[in-house]
Amino acid sequence: MKKNKIILSHGSGGKLMYALIENIFLKNFKNEILEKLYDSAIIEFKEFDLCFTTDSYTVNPIFFPGGDIGKLAVCGTINDLSVSGAIPFYISSSFIIEEGLDISILERIVISMKKMAERSKIKIVTGDTKVVEKGKIDKIFINTSGIGIKKKNVKLSIDRIEENDVVIINGEIAEHGLAVLLSRNTFNIDSDIKSDCAPLNELINLLLEKPEGIKFMRDPTRGGLSSTLNEIVKNSNFGIVIYEDKIPIKKEVLSICEILGFDPLNIANEGKVIIICGKKESEWILKKMRENKYGKRAQIIGEVIKEPKGKVIMETKLGTTRIIEMSLGEEFPRIC
Amino acid sequence: MRFIEEYRKPEIQKRIYKEIQRKSSLLKKNVNLMEVCGTHTMVIGRYGIRKLMPENINLISGPGCPVCVSPENFIDTAIEISKKKDVMITTFGDMMKVPGSFSSLEKEKAIRGNIFVVYSPLDALKIAEENLEKNIIFLSIGFETTAPLIAQTIKIAKEKKIKNFFILCGNKLIPPAMINLLEEKDTNIDGFICPGHVSVIIGTSPYIEITERFNIPCVISGFEPFDIILSIYILLSNLIEEKYEVINEYKRTVKEEGNLKAKKIIEEVFDIVDSEWRGIGIIKNSGLKLKKEFENFDAEKRYEVNIKKYSKNKRNCICGEILKGKKTPFDCSLFEKICNPENPIGPCMVSSEGTCSAYYKYEKK
């Protein structure tokens, strides 16, 4: 057992994955663009910035309440570009398909991708197809990459975050991870929970009309709210406090988390964005967000504080506080 | 599901909390109250209840997490069996990361791929029926709460004449462990918050010995923050009045006689034996083993594996002392920096319900 092997936790968005990125990928690929580790690479030009991102999708099952692997692949890449402050334009799509998959299933997935692309006004402009022997992968994996344009007046950076800035989320949490998990039928729980999988470019474009107050954005996908907030405060000279009674969550989601012993803060979202902005601008931002379909339940959930530095804490409904750790996430593999 | 918010109304909690403060001023000395259930440990952490307590009330965590108390050689045996031909190991997810003497199931899975997480022994039995060419081993751990389900699974397997399903039996009983703690010389426990789920099965009578022999009050508690705070209040009242009784705070679920059906099936399928607890050692009559008539399902009978006993102390790990309530994770030199959920040294960090894990998640300074 001297040789270390890849275990599932290495792919779960938690601490082990960050160790892998740092010790293997960053160490070998190191350059000034990659080392920022933002959702998109930002390549600077004179008039604008080019944002470039990529993501692979391996979700199981490939169809789940509220979405499918194709919708997820398009929305995921759109969202990575959008939270970087870019307007997404073009996407690539590569398919790795298991021998024996029904072509009708492939087409269902492709049509779902087409619909999402049309709705979000982006084009899928290049792609690739590989087929592997039966049993070598599970049905179908998809990779999408995307490029978008960021205006020079959009300046998103963790360095701009200051004490008293507020933390906003656009709606209810923990739905994607739970919907996928429950659709595997392992728990025999009937529920109406649907994945929140959605393209966020329209919502975010609205806010980019007046980008000055927006300090930073990120989508709390794998690892949930707790991981994203911890990524933001990590190595910084501020902390974040969130308020348990302000975090939007559906009753049904809360109930099922209770039954299964999950913390909703650790569960993945696919249509959510965390925005850190100045207090002064937050009112306008909330108003704008609530005008959009995907921002109706937008809400301030927390604030940036001076101490404890580098930590996320939560004020519970009891009035006590507790530390929110980065999730370890390995309980549910292949949710995206 | 209703009644989540109802049990978490801040006003009610604050009222009881005020009463706790009042009572605490009447105490003659500092008191140590121990919970013996991992889920209680987590609730206390998650809602910051420990920090809420007046200074003279100390909440400590006992050996209440079934994963934490499974000894190294249980994992070692499971790993040895997993190396045999045509074997599939099925286990509760929490066991995957538990360190054995040299490896863990999670690491072994990456090598051989024949270790699977299930949510119920019945799922493991189903896997056995669907994979007749393989032998399916279920790693059977847990306290009185889990035992009836495993017993039922064994009975179904016997009725259906399933030949390729086995359990590696590491089930344990809670009251003997509580008594063992009190029999230790330098024990300083003043009251027990007794486990709600275990009590659903065993009822209230097994704790009477504790109250009568040791003069220690016991309160069977539910799992809402409200339940725990109320249980603490009851314990304080009893300590002040020097009343040493078993009180059932979790009446909405726990009956005095327990669950008779569940108790019967445990008796039908299992014998009570001495059992090793990680960090504590052998505790008399604290474990379960399949009765002779069910021994065809015993993985240790099917596969004779010789596990060397490694009694090496895990590099200054004080989990044993923590499980006994003598120390807290903050007393451990490994806590946080060396021992954390990614790299757990001792059992209390491994399980999400372990004391160290709960401290790491919710109470780090």
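Helices (H or I, at least four residues) and strands (E, at least two) are DSSP runs, numbered from the N terminus. The model is predicted: local features need pLDDT of at least 70, side-chain atom pairs count only at pLDDT 80 or more, and totals for chains, interfaces and linings use all residues. Residues are numbered from 1 along each chain as written, chains are lettered from A in the order in which they are written, and side-chain values use heavy atoms, without hydrogens and water.

**Exercise 1. Positive phi**

Work out the phi of Lys161(B) and of Glu336(B), and decide how accessible each residue is.

Step 1. Lys161(B) belongs to the loop between α7 (147–159) and β6 of chain B. Its phi is near 55°, a positive value in a residue that is not glycine.

Step 2. For accessibility, buried means under 20% relative accessible area, exposed over 50%, and partly exposed in between (1.4 Å probe, protein chains only). Lys161(B) is at 62%, so it counts as exposed.

Step 3. Glu336(B), in the loop between α14 (319–323) and α15 (347–350) of chain B, has a positive phi of about 80°. With 31% relative accessible area, Glu336(B) is partly exposed.

**Exercise 2. A buried lysine**

Describe the surroundings of Lys71(A).

Step 1. Start with the helix: Lys71(A) is found in α2 (residues 69–82) of chain A.

Step 2. Lys71(A) is buried but has no salt bridge (a side-chain nitrogen of Lys or Arg within 4 Å of a carboxyl oxygen of Asp or Glu). The nearest side chain of opposite charge (Lys and Arg count as positive, Asp and Glu as negative; His and the chain ends are not counted) is Asp68(A), 7.0 Å away.

Step 3. A polar atom of the Lys71(A) side chain lies 3.0 Å from the backbone oxygen of Gly66(A).

Step 4. Leaving aside neighbours within four places in sequence, Lys71(A) is in contact (heavy atoms within 4.5 Å) with Gly66(A), Ser112(A), Met113(A), Met116(A) and Cys197(A).

**Exercise 3. An enclosed helix**

Explain why helix α4 (residues 72–82) of chain B is largely enclosed.

Step 1. Nine of the 11 residues of this helix are buried, so the rest of the structure largely encloses it. Among them are Phe74(B), Ile75(B) and Ile79(B).

Step 2. The buried residues of α4(B) pack against β3 (87–91), α5, β4 (115–117), β5 (135–140), β6 (165–169) and α13 (299–302) of chain B.

**Exercise 4. Where the chains meet**

Describe the contact between chain B and chain A.

Step 1. Chain B gives 31 residues to the contact and chain A gives 29 residues.

Technical notes. A polar contact is a pair of N or O atoms within 3.5 Å; within protein, one must be able to donate a hydrogen and the other to accept it, and residues adjacent in sequence count only if both atoms are side-chain atoms.
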